[in-house]
Amino acid sequence: QVQLVESGGGLVQAGGSLRLSCAASGSTWSIYVTNWYRQGPGKQRELVATISSGGNTVYADSVKGRVTISRDNAKNTVYLQMNTLKPEDTAVYYCNAGTYSGGRYYDDWGRGTQVTVSS
């Protein structure tokens, strides 16, 4: 299992940019996928972007073209670069990692970082 700590959230005006970071510690070698989710006020948690251990990426339609997920293996950190932010991007953003070790799958979450986009 891994421990995940998000950072980089804040208040930004519409059209602005933020880069979120998700730093992993623990059994980072066991991570096979890392996801960014978000949960806006009164909304269900939704998947924003995914990056696999092989580097494959997937994006939600709502953020495609505005968001880039990447990782720095040396730093055990996954980033979410968000550009052209909109008020509807306001949410708590959570990092999630899928890990596999000892023949079992685990699902680990960070505590989240708040992103607020003002109009």
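A disulfide is a pair of cysteine sulfur atoms within 2.5 Å, and the structure holds 1 of them. This is a predicted model, in which local features need pLDDT of at least 70, side-chain atom pairs count only at pLDDT 80 or more, and totals for chains, interfaces and linings use all residues. Residues are numbered from 1 along each chain as its sequence is written, and side-chain values use heavy atoms, with hydrogens and water left out.

**The disulfide**

- Cys22 is joined to Cys95, with an S to S distance of 2.0 Å.
- The pair links distant parts of the chain, as Cys22 sits in strand S3 and Cys95 in strand S9, 73 residues apart; strands (E, at least two residues) are DSSP runs numbered from the N terminus.
- The torsion about the S-S bond of Cys22 and Cys95 is about -75°, so this disulfide is left-handed.
- Cys22 is buried at a relative accessible area of 2%, and Cys95 is buried at 0%; buried means under 20% relative accessible area, exposed over 50% and partly exposed in between, with a 1.4 Å probe and protein chains only.

**The largest pocket**

- The largest pocket holds about 280 Å³ of space; a volume is the space filled by probe spheres set on the grid points, which are joined across faces, edges and corners.
- A pocket is an open set of points on a 1 Å grid over the protein atoms alone, where a 1.4 Å probe fits, with protein on both sides within 12 Å along at least five of seven lines; lining residues have an atom within 4 Å of a point.
- Of the 20 residues that line this pocket, Thr28, Ile31, Thr34, Arg71 and Asn73 lie nearest its centre.
- At least two lining residues come from each of S3 (18-26), S4 (31-39), S5 (46-52), S7 (67-72), S8 (77-82) and S9 (91-101), and S4 gives the most, with 4 residues.
- The lining has 11 nonpolar, 7 polar and 2 charged residues; Ala, Val, Leu, Ile, Met, Phe, Trp, Tyr, Cys and Pro count as nonpolar, Asp, Glu, Lys and Arg as charged, and the others, Gly among them, as polar.

**Ser21, in strand S3**

- Ser21 lies in strand S3 and is buried, with a relative accessible area of 15%.
- Although 56 residues separate Ser21 and Thr77 in sequence, their C-alpha atoms are 6.6 Å apart.
- Beyond its neighbours within four places in sequence, Ser21 is in contact (heavy atoms within 4.5 Å) with Val5, Glu6, Ser7, Trp36, Thr77, Val78 and Tyr79.

- Thr90 is in the loop between S8 and S9 and is buried, with a relative accessible area of 18%.
- The side chain of Thr90 reaches the backbone oxygen of Pro87 at 2.9 Å and the backbone nitrogen of Val117 at 2.9 Å.
- Not counting residues up to four places away in sequence, Thr90 touches Gly40, Pro41, Gln114, Val115, Thr116 and Val117.
- Gln13 lies in strand S2 (residues 10-13) and counts as exposed, at 61% relative accessibility.
- Gln13 and Val117 are 104 residues apart in sequence, with 5.4 Å between their C-alpha atoms.
- Leaving aside neighbours within four places in sequence, Gln13 is in contact with Val117 and Ser118.

Note on methods
Polar contact = N/O pair within 3.5 Å; in protein donor to acceptor, adjacent residues only side chain to side chain.
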